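Me: Please examine the structure below and answer some questions on its nonpolar and aromatic side chains.

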Amino acid sequence: MKIKYLLVLLSVFAGKLSAQNIVTEITPFNDSRVITTGVPFLLIAPDARAAGMGDMGVATTSDAFSQQWNASKYAFSTTKSGFAMSYTPYLSKLVNDIFLGNITYFNRLNEGSAFGVSFKYFSLGDIEFITEEQAQQANVLPIIQRPNELTFDVSYSLRLSDKFAMGVSMRYLRSDLKLNFGNNDAEAASTFGVDISGYYQGEEKALADFNGRWRGGFAIQNLGPKFKYDEGGQENFQPTNLRLGAGFDFIFDQHNKLGVTAEFSKLLVPTPPVRGNKQVWEEMGDGVDPNNPIDEYNPSEGDVEIENDNNYIISGQDNDVNFISGIFQSFGDAPGGFKEELQEFTYALGAEYSYQDSFMFRLGYFNEHETKGARKFFALGAGFKYNVMNIDLSYLFSSSKVQSPLENTLRFSLTFNIGAGQYSEY
């Protein structure tokens with residue numbers, strides 16, 4: 001039990017460090033500048049279909065979980081409405097009570113519009129507290145707390161033409177990571193966010209030996225103000241994220257289809273600058289004036305910026321800005337220049353084969369640069385359809401030196417389609 005408590009507590013602590021956007025003073029320079037935000041659980045793929053194709057969903061065909069990636073896809077759904085739920089274990093090699101759960105409902109109102117609602121819950125498991133005095137007593141029950149984070153979303157999508165739709169989602173977010181043990185003022189942090197998305201789906205056209213159809217999509221997710229975990233704490237950025245994707249469907253006949261998709265994403269959050277401590281800097285610089293460019297350590301072009309009496313921003317820009325300024329700043333503030341900006345893009349490649357719309361097999365690959373988190377993994381997935389019910393499974397194989405908390409994890413999704421086949425898009 002003590003081991004379990006320690007592991008979970010470390011997970012909570014690490015998550016909170018990530019959430020608070022803490023930048024360690026770096027002297028000398030460190031090539032790794034991972035962008036951290038608050039509520040990072042929003043970047044975890046919540047459904048097995050998307051996970052089985054390498055964590056993508058902005059340009060794939062519509063399904064019940066479209067709200068998590070691109071709500072505008074609902075306007076192209078061939079199903080009148082649907083209800084879906086998913087379960088994703090997290091750190092399953094260490095504990096069995098940390099998970100991400102999701103429930104989603106959507107309804108296509110008519111030929112041109114649809115709406116969706118969803119609830120997402122991230123549990124960090126049970127943490128047991130007991131004092132030394134209590135531990136020496138018999139039959140003393142520990143205090144159990146359950147840190148968690150959750151979101152509630154509502155979306156609306158509108159078809160602007162036969163081939164293009166746009167959507168908007170509103171989100172309420174609540175993060176309760178504070179451990180209320182001997183601290184009566186512990187409260188949960190809360191804020192709101194907005195997603196804006198678009199989806200293009202072309203007409204099916206006859207090609208040489210098969211028919212084909214193009215797809216494309218974009219989404220700007222988690223647009224919203226910065227927030228604090230406690231009254232006197234540091235403000236945290238939401239994980240504002242830009243997603244761009246495109247795909248093509250190979251329709252060989254009425255039974256066999258193959259869809260291939262590529263997706264790129266980038267956090268629209270300022271890159272942490274390279275900072276130095278005055279005292280250490282002067283010792284390492286052997287008396288070099290810190291107000292002058294420090295060429296000895298090869299920083300990016302630019303002078304040392306005095307942040308306060310003790311610290312210096314050696315390279316990059318100050319990230320103490322509001323979220324709107326942060327979005328624009330994120331495209332040109334990397335200390336390593338344009339090369340580092342490109343390194344902040346992740347990409348995913350995925351494929352989905354379906355037979356008679358009853359059996360689906362999926363493959364995917366996700367890549368993130370080594371200096372920006374080093375998430376690299378392959379994914380396998382499968383789906384089965386029986387009457388109105390869909391069952392989807394996925395499995396992740398990490399290919400990075402950094403172990404993924406989702407490695408060797410089986411994810412599960414269940415969907416109930418109501419009014420399947422009521423709309424036709426072919």
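Me: Which strands each supply at least two residues of the nonpolar patch?
Reply: This is a predicted model, in which local features need pLDDT of at least 70, side-chain atom pairs count only at pLDDT 80 or more, and totals for chains, interfaces and linings use all residues. Residues are numbered from 1 along each chain as its sequence is written, and side-chain values use heavy atoms, without hydrogens and water. Strands are DSSP runs (E, at least two residues), numbered from the N terminus. Those that each supply at least two patch residues are strand 19 (359-367) and strand 20 (376-386).

Me: Is Leu380 buried, partly exposed or exposed?
Reply: Leu380 lies in strand 20. Buried means under 20% relative accessible area, exposed over 50%, and partly exposed in between (1.4 Å probe, protein chains only). With a relative accessible area of 34%, Leu380 is partly exposed.

Me: How many aromatic pairs does a search of the whole structure find?
Reply: Rings of Phe, Tyr and Trp (its six-membered ring) pair if their centres lie within 6.5 Å; planes under 30 degrees apart count as stacked, over 60 as edge-to-face and the rest as tilted. The search of the whole structure gives a total of 18.

Me: What type of aromatic pair do Trp214 and Phe248 form?
Reply: Trp214 belongs to strand 10 (residues 211-223) and Phe248 to strand 13 (residues 241-251), so their pair ties together parts that are 34 residues apart in sequence. Trp214 is exposed, at 56% relative accessible area, whereas Phe248 is buried, at 12%. Their centres are 4.8 Å apart with 65 degrees between the planes, and the pair is edge-to-face.

Technical notes: Helices (H or I, at least four residues) and strands (E, at least two) are DSSP runs, numbered from the N terminus.
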